[in-house]
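Me: I would like to go through the terms used for this model and see what each one rests on. Please set the values against the cut-offs.

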Amino acid sequence: MQMGLIGLGRMGGNMRERVRAAGHNVLGFDSDSSVSDVESLTELVTHLSAPRLVWVMVPAGEQTRTVINELRQLLTPGDLVIEGGNSRFSEDETHAGVLRERGIGYLDCGVSGGVWGLTEGYGLMVGGDESDVARAMPIFDALRPSGARDESFVHAGPIGAGHYAKMVHNGIEYGLMQAYAEGYELLATEPRITAAESVIGAWQKGTVVRSWLLELLVAALRQDPGLSSLSGYTEDSGEGRWTVEEAISRAVPVPVISAALFARFASRQSDSPTMKAVSALRKQFGGHEVRIKEAVQA
């Protein structure tokens, strides 16, 4: 099968190689000419045989919208676009509508697997018409891990369902990572524990908390014991925020995911105004001792 792939970054580049390894013909385009197979989107489309299948793997937001609008002008009726970035599910119907006007199909696909997907395979969550999903199934099968399809692939529903499923997946991921991280810190501060890294490592088999994320934490601790080379500053991709916003709109309690998201916000404050206010209040009502910030030397 032939496919065009737009966006050859950390995930897109590996996806190209995995699909090629499965025997498919993949032509990739990226703004970085050193990794691109063609020089432009026009050249990409020209080299693909109709009906075309084009997978978009660029950052969500304006870059995705720009690519979708360019493809609207370049593709022809019967072609199919798969949007595999971390776009918000509410944008998918707009993307689909823009392409539908020209007779071009659209699928949204949440992709999980990160930089390990090349060797381990990718978890895929797809939204769109059943016929379009069936048409692209050889590509989906090439990307996902070997084994039962329903363990790594799902047609989650109509357009938008794939990215909605990925949003919730990432919200859960926030909570899991936060729990592992908090557990590690508690172990590391207990004098009785002589090797927190070894305790975490011993949870990889036979325990109910074993997981791939745990294995990745163990790997990180072995590479950098104590994680001394890292800053605690932690970004968020946006999907944790969207998960919490959806939970609020549907009155679904998500205290763990919410707390994990807020912990990331707190990580970016070197001197938290909130905790300054808490400290001041404790002094005001209880006369509790507070720490005075040292004067900055001129």
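This is a predicted model: local features need pLDDT of at least 70, side-chain atom pairs count only at pLDDT 80 or more; totals for chains, interfaces and linings use all residues.

Me: Why is the pair of Trp55 and Phe140 called edge-to-face?

Reply: The ring centres of Trp55 and Phe140 are 5.9 Å apart and the planes stand at 75°, so the pair is edge-to-face. Trp55 is in strand S3 and Phe140 in helix H6, so the pair ties together parts that are 85 residues apart in sequence. Helices (H or I, at least four residues) and strands (E, at least two) are DSSP runs, numbered from the N terminus.

Me: Why is the pair of Phe262 and Phe265 called tilted?

Reply: For Phe262 and Phe265 the centres are 6.0 Å apart and the planes are at 45°, so the pair is tilted. These two residues are three apart in helix H11 (residues 255–267), a separation of about one helical turn.

Me: Are Phe262 and Phe265 buried or exposed, or something in between?

Reply: Buried means under 20% relative accessible area, exposed over 50%, partly exposed in between (1.4 Å probe, protein chains only). Phe262 has 49% and counts as partly exposed; Phe265, with 29%, is partly exposed as well. Trp55 and Phe140, by contrast, are both buried.

Me: What makes the largest nonpolar core a core?

Reply: A nonpolar core is a set of buried Ala, Val, Leu, Ile, Met, Phe, Trp, Tyr and Cys residues joined through side-chain atoms within 4.5 Å. The largest such set has 25 residues, and Trp55 and Phe140 have the most contacts inside it. Helix H6 (130–143) is among the elements that give two or more residues to this core, as are strand S1 (2–6), helix H1 (12–21) and strand S5 (105–112). H6 supplies the largest share, seven residues. In soluble globular proteins, nonpolar side chains tend to be buried together.

Me: Which residues does Phe140 contact, neighbours within four places in sequence aside?

Reply: With contact meaning heavy atoms within 4.5 Å, Phe140 touches Trp55, Ile82, Leu107, Cys109, Leu124, Val126, Val133 and Phe153. A second, separate core of 21 residues includes Leu44, Val67, Ile104 and Tyr106.

Me: How do you know that Arg20 and Asp37 form a salt bridge?

Reply: A salt bridge is a side-chain nitrogen of Lys or Arg within 4 Å of a carboxyl oxygen of Asp or Glu. The closest N and O atoms of Arg20 and Asp37 are 2.8 Å apart, and the pair forms a salt bridge. Arg20 is in helix H1, and Asp37 is in the loop between strand S2 (25–29) and helix H2 (41–47), 17 residues apart. Arg20, at 31% relative accessible area, is partly exposed, and so is Asp37 at 33%.

Me: What makes Arg88 and Glu245 a link between separate parts of the chain?

Reply: The closest N and O atoms of Arg88 and Glu245 are 3.0 Å apart, and the two residues form a salt bridge. Arg88 lies in the loop between S4 and H4 and Glu245 in helix H10 (residues 239–249), so the pair ties together parts that are 157 residues apart in sequence. Glu245 is partly exposed, with 39% relative accessible area.

Methods:
Residues are numbered from 1 along each chain as its sequence is written. Side-chain values use heavy atoms; hydrogens and water are left out. Rings of Phe, Tyr and Trp (its six-membered ring) pair if their centres lie within 6.5 Å; planes under 30 degrees apart count as stacked, over 60 as edge-to-face and the rest as tilted.
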